Amino acid sequence: MPELGIGFFAVTIPAVIFAGISKGGFGSGVAFASASILAIYLDPGQALALMLPLLMVIDLATLGPYRRRWSWPDARLLILGGMPGVALGAWLYHATDADLLRLLIGGISVAFVVWQVARGRGWVREFANRLPPSAGLLAGAVAGFTSFVSHAGGPPAAVYLLSQKLGKTEFQATTVVTFWAINIAKFIPYAWLGMFTLETAWADVLLTPFALLGAWLGVRAHHMVSERLFFALAHLMLTVTGVKLIWDALT
């Protein structure tokens with residue numbers, strides 16, 4: 001870990017607040033931008049380990065406001081599917097190196113932006129009918145894997161949840177409870193793989209107030225802030241950081 005000085009906090013504080021806002025108010029879809037940003041400044045494994053406890057704090061802070069407003073049948077499918085995805089992610093992390101992780105995180109970041117642009121321009125059709133439960137399990141497995149290697153489980157979960165025609169708040173609440181469970185499942189293999197250190201733990205203690213601030217802002221912003229503006233800024237960050245990570249991995 002770099003020294004916990006001004007440079008470290010200048011990068012991590014905005015990233016952590018952004019993750020809280022995304023998870024608290026906008027369906028977790030771009031919360032993983034924080035991990036992408038941190039992976040430029042830190043070793044990818046350190047970035048993932050630093051963010052996980054903070055994401056879990058944000059999960060706890062946002063469970064209350066959305067309590068019992070989620071679609072439990074959909075959340076259950078995603079959680080059940082997510083468990084083997086987490087296991088696959090743990091195996092890959094154990095078998096790979098930092099550059100492949102950078103490539104994965106960067107590739108997922110850029111692919112997400114491309115998918116969102118294609119959706120917005122009508123190049124990708126929305127599902128006319130609700131996807132079956134088997135699709136929920138598959139989406140959960142992909143979400144568990146991408147969540148483990150880049151904290152980017154939101155997009156694959158969103159593909160399934162959008163097909164279920166949930167209301168805005170029900171959609172948000174379902175993502176909150178889903179990733180609360182998946183992040184708990186990730187904690188055990190992260191610890192087993194030795195990703196947590198005393199340095200990341202101390203940094204998490206110092207950054208927790210900013211995670212809570214972001215969660216509070218996100219819950220407020222859910223009803224007040226334009227989703228279009230929020231996601232436009234998020235997509236810009238994801239594109240820049242994703243391309244930088246891919247470049248770093250390949251050079």
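Which residue forms a salt bridge with Arg102? I looked that up first.

**Ground rules.** I am working with a predicted model, where local features need pLDDT of at least 70, side-chain atom pairs count only at pLDDT 80 or more, and totals for chains, interfaces and linings use all residues. Residues are numbered from 1 along each chain as its sequence is written, and side-chain values use heavy atoms, leaving out hydrogens and water.

**The salt bridge.** I searched the whole structure and got one salt bridge (a side-chain nitrogen of Lys or Arg within 4 Å of a carboxyl oxygen of Asp or Glu). The partner of Arg102 is Asp99, with 2.9 Å between the closest N and O atoms. Both sit in helix H5 (residues 98–120), three residues apart, so about one helical turn separates them. Helices here are DSSP runs of H or I, at least four residues, and strands are runs of E, at least two, numbered from the N terminus.

I checked accessibility next: buried means under 20% relative accessible area, exposed over 50%, partly exposed in between (1.4 Å probe, protein chains only). Arg102 counts as buried because its value is 18%, while Asp99, at 33%, is partly exposed.

**Record check.** The unreviewed UniProt entry lists several stretches as "transmembrane region", including 38–63 and 100–118. Such positions use the numbering here, feature names are shortened, and annotations may be inferred rather than shown by experiment. I found residues 100–118 to be 100% helix and 0% strand, with end C-alpha atoms 26 Å apart. For residues 38–63 I got 92% helix, 0% strand and 25 Å.

**Ser163.** I found Ser163 in helix H7 (residues 154–163), buried at 1% relative accessibility. A polar atom of the Ser163 side chain lies 3.3 Å from the backbone nitrogen of Leu131.

Key
A polar contact is a pair of N or O atoms within 3.5 Å; within protein, one must be able to donate a hydrogen and the other to accept it, and residues adjacent in sequence count only if both atoms are side-chain atoms.
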